[in-house]
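Happy to walk through this one with you. Let's take some labels and ask what lies behind each of them.

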Amino acid sequence: MLHEPATPAGKDPAGPYKIRLGIRMFILYALFYASFVAINLLSPSTMASIVVAGLNLATVYGFTLIIVALVEALLYDWFCRKKEAFYIQAEKSEGKDKA
Amino acid sequence: MAIIVFLIFVVFVIGLSLYLGNKTKTSSGYYAAGGKIHWGINGIAFAGDYLSAASFLGICGLIATAGYDGFLYSIGYLAGWIVALFVVAEPLKRLGKFTFTDAVDANYNSKGIKLAAAISTLVVSICYLIPQMVGAGVLVEPLLGIPQSWGVVMVGAIVIVIVATAGMASTTYVQFLKGSLLIIFSTVLVGAVLIRGLSTQPDQGGQVAFYQYTHLAATKTGDKLSVSEPGWSVFEQKDIKGGLSFVRLGHDGTETWWYVSDTNGATGAITLKETQSVVVKADGKWINGAPASATNQLRLVGNLEKISGDSAAKTGSLSIFEFLAALTDKDTSVQTWKTAALTDSAGEKVTVYYPKVVAGDQIMRPGLKFKVEGTLLERLDFLSLMLALFLGTAALPHILIRYYTVPSPASARKSTIVAIAAIGFFYILSLFMGLGAMVNGSINPADSNMAAPLLARTFGELLFAIISAIAFATVLGTVSGLIVAGSGAVAHDLFDRYLKIKMTDHQKVTAGKITAFIIGGIAIFLGILFQGVNVTFLVGLAFAVAASANLPAIVMLLFWKKTTAKGIAASITVGILSSLLLIAFSPDLYTLYGLNPLDAPVPLSNPGIISIPLSFITLIVVSLLTPKAKAGTEAKAQIAG
């Protein structure tokens, strides 16, 4: 490392897992977002269809995109913390074994 | 009232900055708040940084005038955080020190990267600064009764104090404060809108009597137009591009402009609709047929003509679903306002604001602003915008530097999640605030940016004062972040790292403060220059520049082993130049220049669909032509921990 970070970050054995998970979740959301844009471009009148409680597809899809972003973010954090905890536990066990 | 709330806020913010300034002695403290900010505070500060004038003033204004199309910005801006969380947050935290340049250059130590990334940071920050300063001017004029340009100067001066005293530390707490207040009081405002419900004759909470615009019947025989009602004289008729036609009528000694709305070719019957107009005469501005004065200003507009087919309806309190459903109803109609410019027979410039009734089901779907059912080019333009919004967030330097203010990569991740929750919630509120302004007679037809504060004014001076002070804080928070990013690019990236000027830590902080002062001055100048342009539109362009210049470098650095230093530098350079040139020669900018947009050599207003792939391709081609180093591999190993 040629230019050190503001605060040093220790080794992160969960790093590769988090990168893989992040890319998968990103692709999932990107597809959902792309579908929204595609409907707007290819069949804009579909967006005016009433879907539920007097609300049209445009409104429902828009809100869903925002809510899904948060749900995915929370799930990602949950999986990351679980993996981080696993490695911390494994490291502790290893330390005990050595002792 | 508004002035008192505003002053209290400004004094508090400056006091906080001075207090934190005494504790900021090192460059780490100045640029990254020592990397000690709690992830929860950083998350809300992210929201405070990101929810700029574009989000609060611009998006609400755009929804108020273009309905659902304004909300598309909310969706795109929020979606961009997914890229930030899943792709950028933790790796960037591991790689960087203070700036975006640190991160992309972390494993290369390349002069080319340092120069290109520092210039990119400056360009993107300045592009983003312009709309913030424009928003500041718009806000201060009605709040303090001073000209817009003075508002811009005042905001610039306060921000320079904030940044030059304590850098990222004071900026973080100002952004945290502003982010919290913005979300809390936007919720209050939306609650008030829902409790009031909908009415076809909004009277601004009883403060301003509803103004019913008049229609006149007229006939046309040959070229001669005559008004059926007695007492009206026709002075001239002007046909302008787009098939629009306006007539200047005289009545009781007052001359006003009327919109030729419906014409029946068979009978010659015509409906004339009352408009609002601003005429620039030799003796000053005339508004609606009389000289402009404190009491003669443009009337605020925006109301429902019918609610579910009823033209004299008042709903009372509504739930969020009932509110949206009532507006989505095809039998609901909204009186929106458009703008046209013409020159009258005396050679005077006239701006006419004319009404246009739009059905609710059209308001609540895309199409009013973005021509999703238009030509292939118009559709591509929409696709280009949505692409830039999605990819732009994770490439904004002032957002990226916030990853260095927390202690660990896990904190960077958590603070991004807090930001997504806060920003997502605010963007849902933005739809209600924008629509609330649209139907509550709180849109200034000459400038949609004030829709949210003017909506608050319909609920009383206190809420207006608070919302305006928060909107002002919104500008302060974002501008502070941008100036920290810009000052880091010059003082840290260029002076310290690129030119290798020997400086002590204290001198580095001083260099950062001097740079902040200069960038603040540039921001003031540009804010005055771009007055009157919708701030969301300008931010959309800043996103396109950021996504084109920075994102390909970040993504390929992290995920493509063959990425080289030359590839990154070339990609950033091509991204900046291509996006800026495409914007400069686009139809929207031609309109700003006062030229015919149809003459613009670039047919797209949003450059992302060309400049982002171009930047990626440049990186790949140059990297393949300049194979070297295991730098990419090193970077990947580094981010993986």
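Q: In this predicted model, which residues of α11(B) are buried?
A: Going along α11(B), the buried residues are B:D381, B:F382, B:S384, B:L385, B:M386, B:A388, B:L389, B:F390, B:L391 and B:G392. Helix α11 covers residues 376-392 of chain B, 17 residues, and reaches 24 Å from its first C-alpha to its last, close to the 24 Å expected at 1.5 Å a residue.

Q: Why is A:C80 called buried?
A: Buried means under 20% relative accessible area. A:C80 has 0% relative accessibility, so it counts as buried.

Q: What makes B:C60 buried?
A: The cut-off is again under 20%, and B:C60 has a relative accessible area of 1%, so B:C60 is buried.

Q: How many disulfides does the structure hold?
A: Over all chains, there are zero disulfides.

Q: Why is α5(B) said to be largely enclosed by the rest of the structure?
A: Because 28 of the 28 residues of α5(B) are buried.

Q: How do you know what span to expect for helix α5 of chain B?
A: At 1.5 Å a residue, the 28 residues (68-95) should span 40 Å, and the end C-alpha atoms are 39 Å apart, which agrees. Along the way, α5(B) bends by about 55 degrees at B:V88, with a proline, B:P91, following within four residues.

Q: What makes α3(B) and α13(B) oblique to each other?
A: Helix α3 (residues 39-50) and helix α13 (residues 409-439) of chain B pack at about 45 degrees, their axes 7 Å apart. Roughly parallel needs an angle under 35 degrees and roughly perpendicular 65 to 115, so α3(B) and α13(B) are oblique. Their crossing is right-handed.

Definitions and conventions
Residues numbered from 1 in each chain as written. Chains lettered and ligands numbered in written order. Predicted model: local features only at pLDDT ≥ 70, side-chain atom pairs only at ≥ 80, totals over all residues. Heavy atoms only, no water. Helix = DSSP H or I, 4+ residues; strand = E, 2+ residues; numbered from the N terminus. Expected span 1.5 Å × (residues − 1). Buried < 20%, exposed > 50% of the residue type's maximum accessible area, 1.4 Å probe, protein only. Bend = angle between axes of the 7 residues up to and from the residue. Disulfide = S-S within 2.5 Å. Axes fitted to C-alpha atoms, helices over the stretch in contact; angles between N-to-C directions. Parallel < 35°, antiparallel > 145°, perpendicular 65-115°, else oblique. Left-handed = near helix turned anticlockwise from the far one by under 90°.
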